[in-house]
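Please consult the sequence and the structure shown here while reading.

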Amino acid sequence: MNKSVLITGANAGIGKDTARQLAMLNHTEKIYLACRNRVKAEEAKKDLEEKTGRKVFEIIVMDVSNLNSVRNAVMSMNEPVDALIMNAGGMGGKTPEKITSDGVTQITATNLLGHVYLLDEMIKYDKLKKTALFASSEAARGIEKTGMKRPSLKTSSVKEFKEVFNGKAFGNDFDAMQVYGVIKYGGTMWMSSMARKHPHLRFISMSPGGTRGTQGFDDMPLLQRIMFKYIGMPIFMPLLGLSHSLEKGASRFVEGINNPAFKSGIFYGSKKNVLTGKLVDQSSIFSDLSNQKFQDNAYEAIRSFLY
Ligand SMILES: NC(=O)c1ccc[n+]([C@@H]2O[C@H](COP(=O)([O-])OP(=O)(O)OC[C@H]3O[C@@H](n4cnc5c(N)ncnc54)[C@H](OP(=O)(O)O)[C@@H]3O)[C@@H](O)[C@H]2O)c1
């Protein structure tokens with residue numbers, strides 16, 4: 001059982017509810033809320049303490065899209081944690097295609113590059129004892145009903161993955177909804193490669209499923225936001241098996257780190273055609289996910305922006 005857990009992007013949405021659910025477990029002694037905005041983090045901490053009646057939360061200021069911020073955050077940790085939940089992410093804000101000083105798109109920096117660096121630093125300085133969980137998405141294997149295409153890399157070579165991460169693969173055709181799935185695919189492949197390279201730790205990729213009650217659609221243009229957030233997600237998506245409550249989404253992350261039945265190197269998500277219900281190994285839906293060469297190529301490609 002995990003006594004201490006660090007969660008990135010813990011001030012809202014699934015990250016915050018994961019923190020709440022973990023605090024309700026007696027064996028949890030410490031939860032680090034790694035957030036980019038201290039004011040929002042303080043508000044979340046206060047709310048979590050009120051809701052759970054527990055004073056187990058500690059704030060770490062960390063912007064995962066900024067490597068200096070990630071490094072400083074790791075250096076500020078006095079003790080190792082049992083588990084790390086790499087939850088921060090989404091559609092990359094208002095400028096997902098913008099290239100950061102590290103040479104990747106903003107959507108890659110937020111979902112992936114910062115987490116790659118965070119995990120490397122935590123391993124290097126012995127700050128992680130047991131399990132790392134990456135917030136993936138069924139978009140990484142395609143979601144036909146929502147029009148999110150399956151990633152269609154030609155060879156999944158290192159070069160091709162690099163061009164996914166620096167945006168060149170998409171040219172002027174940068175549609176954040178589609179790019180998001182390809183970035184989550186790259187992240188999931190990196191995690192599977194990490195699992196083989198560090199067998200003493202457990203690496204789980206987990207999709208929370210279609211989860212309502214998050215701020216995930218807030219950066220969309222007004223009409224699209226109304227369609228998705230207030231009509232699609234709460235009304236139509238549940239009827240199609242495409243969404244569930246915040247509590248259910250977050251419970252997948254809690255299970256992912258606490259249940260040893262989830263195997264290292266595997267990506268768990270919903271069954272084909274749905275975004276809720278039972279969890280299955282996603283490589284049974286998209287076989288590229290278990291290709292070790294592709295996994296290692298994603299690993300090499302994303303790390304080329306760091307070292
Ligand atoms: N909701 C879904 O249906 C769904 C489905 C599949 C996968 N996921 C994945 O699950 C994760 C959580 O999603 P969510 O729906 O809960 O999203 P959300 O409500 O938008 O919350 C995202 C959290 O990440 C934080 N964050 C964003 N950029 C950050 C950065 N650069 N550094 C530190 N923190 C940052 C946000 O902080 P601020 O408040 O400061 O912005 C917020 O706390 C994401 O990785 C998402 O891709 C979600």
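Asn87 is buried, with a relative accessible area of 13%, where buried means under 20% relative accessible area, exposed over 50% and partly exposed in between (1.4 Å probe, protein chains only). The model is a predicted one, in which local features need pLDDT of at least 70 and side-chain atom pairs count only at pLDDT 80 or more, while totals for chains, interfaces and linings use all residues. Residues are numbered from 1 along each chain as its sequence is written, and side-chain values use heavy atoms, with hydrogens and water left out.

**Surroundings of Asn87**

- Asn87 is placed in the loop between β4 and α4 (106-124); helices (H or I, at least four residues) and strands (E, at least two) are DSSP runs, numbered from the N terminus.
- Leaving aside neighbours within four places in sequence, Asn87 is in contact with Ile7, Thr8, Gly9, Ile14, Gly15, His115, Ala135 and Phe253, contact meaning heavy atoms within 4.5 Å.

**The sheet**

- Eight strands form an open sheet with mixed pairing, in the order β3-β2-β1-β4-β5-β6-β7-β8; two strands pair if DSSP finds at least two bridges between them.
- The edge strands, each pairing on one side only, are β3 (57-61) and β8 (279-281).
- From one strand to the next the twist averages 25°.
- Helix α8 (residues 246-258) packs on the sheet, where it touches β1, β4 (81-86), β5 (128-135), β6 (202-206), β7 (267-270) and β8, and its direction makes about 160° with that of β6; angles run from 0 to 180 degrees between N-to-C directions, and axes are lines fitted to C-alpha atoms, for helices over the stretch in contact.

**Strand pairs and burial**

- Strand β1 (residues 4-8) runs parallel to strand β2 (residues 30-35) and is joined to it by five bridges, with Ile31 in β2 as the bridge partner of Val5.
- Five bridges link β4 and β5 in the parallel sense, and Thr131 in β5 is the bridge partner of Ala83.
- Because six of its eight residues are buried, β5 is largely enclosed by the rest of the structure.
- β5 also pairs with β6 in the parallel sense over five bridges, and here Ala132 stands opposite Phe203 in β6.
- Five of the five residues of β6 are buried, so this strand too is largely enclosed by the rest of the structure; Arg202, Ile204 and Met206 point one way, and Phe203 and Ser205 the other way.
- The parallel pairing of β6 and β7 rests on two bridges, with Tyr268 in β7 as the bridge partner of Met206.

**Helix α5 with helix α9**

- The axes of helix α5 (residues 158-165) and helix α9 (residues 292-303) come within 8 Å and cross at roughly 50°.
- The two helices, α5 and α9, are therefore oblique to each other, given that angles under 35 degrees count as roughly parallel, over 145 as roughly antiparallel, 65 to 115 as roughly perpendicular and the rest as oblique.
- Val158, Phe161, Lys162 and Phe165 of α5 make the contact with Phe294, Asn297, Ala298, Glu300, Ala301 and Ile302 of α9.

**Helix α3 with helix α4**

- Helix α3 (residues 67-75) and α4 pack with their axes 10 Å apart, at an angle of about 30°, and α3 and α4 are therefore roughly parallel to each other.
- The contact is made by Leu67, Val70, Arg71, Val74 and Met75 of α3 and by Leu113, Gly114, Tyr117, Leu118, Glu121 and Met122 of α4.
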